[in-house]
Amino acid sequence: MSKTYTTADVAQHKDESNGYWLIVENDVYDVSKFLDDHPGGAKILKRFAGKNATKSFWKYHNESVLKKYGAKLKIGEVGESAKL
Ligand code: HEM
């Protein structure tokens, strides 16, 4: 079942100890285990961890990326509008 998080919850996940989460549209993704598999590199995911990465995400990817990886990485949704 999908969980609801606040942007403040997401903001706490931006390092090794808490894991790396980010927001795309209204969904929350845990990319901790995806860092080394990301074709764009781990560094850029870490930079966006804890934040709303929607704008940058659409700059470099299209819907097919979410279709392929989304279900595997998605952990929930943001309950309020994401404005980080
Ligand atoms: C859920 C999060 C993400 C997933 C599942 C993901 C997945 C992918 C995949 C599959 C590619 C390969 C290209 C493609 O198939 O279109 C890619 C490339 C790339 N990603 Fe991500 N990505 C994510 C988040 C981000 C974020 C937040 C950024 C920040 C700007 C980013 C930056 C890039 C860049 C720059 C490339 C291009 C690499 C190149 O062409 O050399 N990605 N990503």
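**Figure 1. His38, a buried histidine at the iron of the ligand.** At 14% relative accessibility, His38 falls under the 20% limit and therefore counts as buried. This view, like the others here, comes from a predicted model. Through its NE2 atom, His38 is one of the protein donors of the iron atom of the ligand.

**Figure 2. The iron site is octahedral.** Here we look at the metal itself. Where in the chain do His38 and His61 sit? His38 belongs to the loop between β4 (27-30) and α2 (42-48), while His61 belongs to the loop between α3 (54-60) and α4. The two are 23 residues apart, and the pair links distant parts of the chain.

**Figure 3. The largest nonpolar core holds 13 residues.** Leu22, Val24, Tyr29, Val31 and Leu45 have the most contacts inside this core. Two elements, β3 (19-24) and α4 (63-73), each give two or more residues to it, and β3 supplies the largest share, with three. In soluble globular proteins, nonpolar side chains tend to be buried together.

**Figure 4. A closer look at Val24 and its neighbours.** Leaving aside residues up to four places away in sequence, Val24 touches Tyr29, Thr54, Phe57, Trp58 and Leu66. A second, separate core has six residues, including Val10, Ile23, Val28 and Val78.

Figure 5. The protein has four helices and five strands, arranged along the sequence as β-α-β-β-β-α-α-α-β. Its radius of gyration is 12 Å, close to the 12 Å that the globule rule gives for 84 residues, so the protein is as compact as a globular protein of that length. Of those 84 residues, 37% count as buried. Among contacts between residues at least 6 apart in sequence, 68% join residues at least 24 apart.

**Figure 6. The annotated domain, residues 2-79.** An unreviewed UniProt entry annotates this stretch as "domain: Cytochrome b5 heme-binding". Over residues 2-79 the chain is 38% helix and 26% strand, and the end C-alpha atoms are 11 Å apart.

Note on methods: Residues numbered from 1 in each chain as written. Predicted model: local features only at pLDDT ≥ 70, side-chain atom pairs only at ≥ 80, totals over all residues. Heavy atoms only, no water. Core = buried A, V, L, I, M, F, W, Y, C linked by side-chain atoms within 4.5 Å. Buried < 20%, exposed > 50% of the residue type's maximum accessible area, 1.4 Å probe, protein only. Contact = heavy atoms within 4.5 Å. UniProt positions renumbered as here; feature names shortened; annotations may be inferred. Donors = N, O, S within 2.8 Å, 3.2 Å for Na, K, Ca; no water. Tetrahedral: all angles 85-135°; square planar, octahedral: opposite > 155°, others 65-115°. Rg over C-alpha atoms; globule rule 2.2 N^0.38 Å.
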